[in-house]
Amino acid sequence: MSDHDRKTRDTKTANTTWAQLKVGASASIERTCAQRDLLLFAHMSGNLNPLVLPSEEENPSSSEPVAPSMWIGSLISAVLGNILPGPGTLYRSQNFEFVKRVHVGDRLRVTVTCREKREEPVALFETVVVDDKGATICKGQALVEAPLIPVEVEARHLPTLILEEKEQFPHLVALAAQLPRLKTVVVCPENRASLNGPLLAFAKGLIEPIFIGDPDRIAAAARELGADLSAFRIVEERNHRAAADKAVALVRAGEAGAVMKGDLHSDDLLAAVVKKDGGLRAGRRISHVFVIDTPTLDDLLFVSDAAINIAPDLMTKVDIVQNAIDIALACGMEPRVGVLSAVEVINPAIVSTLDAAILSKMAERGQIRGGVVDGPLAMDNAIDIDAARTKGIASLVAGHANVLIAPNLESGNMLAKELTFVAHAEAAGLVVGASAPVMLTSRADNDKARLVSCALAQLYKYWRDNGKAFVGAKGAAKIAAE
């Protein structure tokens, strides 16, 4: 950010007055164009041009949308109004020349540079937007009235806008699609929903499914979908428990790398996974992690355990925390683990507060690795920085937690479903701690939740096999450049 590195979103922002402004001074921001930017801009401007809106179709035949040119122009306004000259700046005029188009996922760098100071308070700025390769997207000039009085303002946190979007977790799916297909045994995909999910994941390049179950019911589900299964391996087994055993046996034999639940009871699948002889035990208690894309948060949220361990004791919680950290690492996150309770102080009458404090200390001693752990924390001060400050909690986690550990299955399940059905979050999940990823999808999951579960399985297996998160081609190029 050149001369203005001190100005950040979470601190006070000082402007540059006309008298302080120097010719040649510049400031920049970086911004990645997201699908929600296009939708929000359409709401704000009323511009419903189909060329600048994401398609509502599942598999659109038209080309991807371009970002509205004036959305790009608004980024220039943000630099002038927020950084240089900063608060108090007003436009007189702005011209644009748009050289290239911007699409979802493009990373932009927006720079303004003072080229001329005119009669007080007027200043002329050169404005340039480039992509991550340095190619010019937009260029022009801005004539502004620079502020005359020094102003220092607190960062303004705007009310959160919740936008219900059809596409979820696009980054994780796109990242996982760069990996080789993961051979996945789909157990009893005997209805429309349980079959369409893996077929969608195959179409996206995520998995290579092997279907185990009743061939007649699988064929009926395929006819309902209009799908051709002739290219896929189908293993006949009409008994659900036996089908789960065969799926686990295929993984143990190296013929597959993951298991996906179809139209069978979770207990039947998990019984096969956790068997002492012939199961997928890996020396750690298995647990389920919900990965949640919440429109009110900048990062993914990981919630555990909400599906397997009903009333975990302390040592089970150690494995639950470690499993959640592992999948967060696999997704490229820096885990900040908030161990939840009803209160944020230790109360001997509330066992979960004692467990949380012990887990925090165990992480400090290296008995839990890969993330920062703090607790007990109540939900408000785990997620909201203002709530944490109000209660005098100072830690690396409070107000910034991206991994939430629930005291028991009931509270974890309620939390995950409240986020999904009340806060309009999107959720997927994975069973971790076994020797292979297990996709324990719910009958209520839609096709996209199943698709994202496949992406999570891909990324988690890569992390287990390589000891690091998969960053993809663009990420690897960026790391090499740095």
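Predicted model: local features only at pLDDT ≥ 70, side-chain atom pairs only at ≥ 80, totals over all residues.
Residues are numbered from 1 along each chain as its sequence is written, and side-chain values use heavy atoms, with hydrogens and water left out.

Let's start with helices H6 (residues 240-252) and H7 (residues 266-273), whose axes come within 8 Å and cross at roughly 40 degrees. Helices here are DSSP runs of H or I with at least four residues, and strands are runs of E with at least two, numbered from the N terminus. Axes are lines fitted to C-alpha atoms, for helices over the stretch in contact, and angles run from 0 to 180 degrees between N-to-C directions. H6 and H7 are therefore oblique to each other.

Which residues of H6 meet H7? They are His240, Arg241, Ala244, Asp245 and Val248, and their partners in H7 include Asp267, Leu269 and Val273. Contact means heavy atoms within 4.5 Å.

Now look at H7 itself, where Asp268, Leu269, Leu270, Ala272 and Val273 are buried, meaning under 20% relative accessible area, with exposed over 50% and partly exposed in between (1.4 Å probe, protein chains only). Among the elements covering these buried residues are H6 and strands S8 (182-187), S11 (258-261) and S18 (438-439).

Finally, find Leu206: beyond its neighbours within four places in sequence, Leu206 is in contact with residues including Val173, Pro180, Leu451 and Gln458.

Notes
Parallel < 35°, antiparallel > 145°, perpendicular 65-115°, else oblique.
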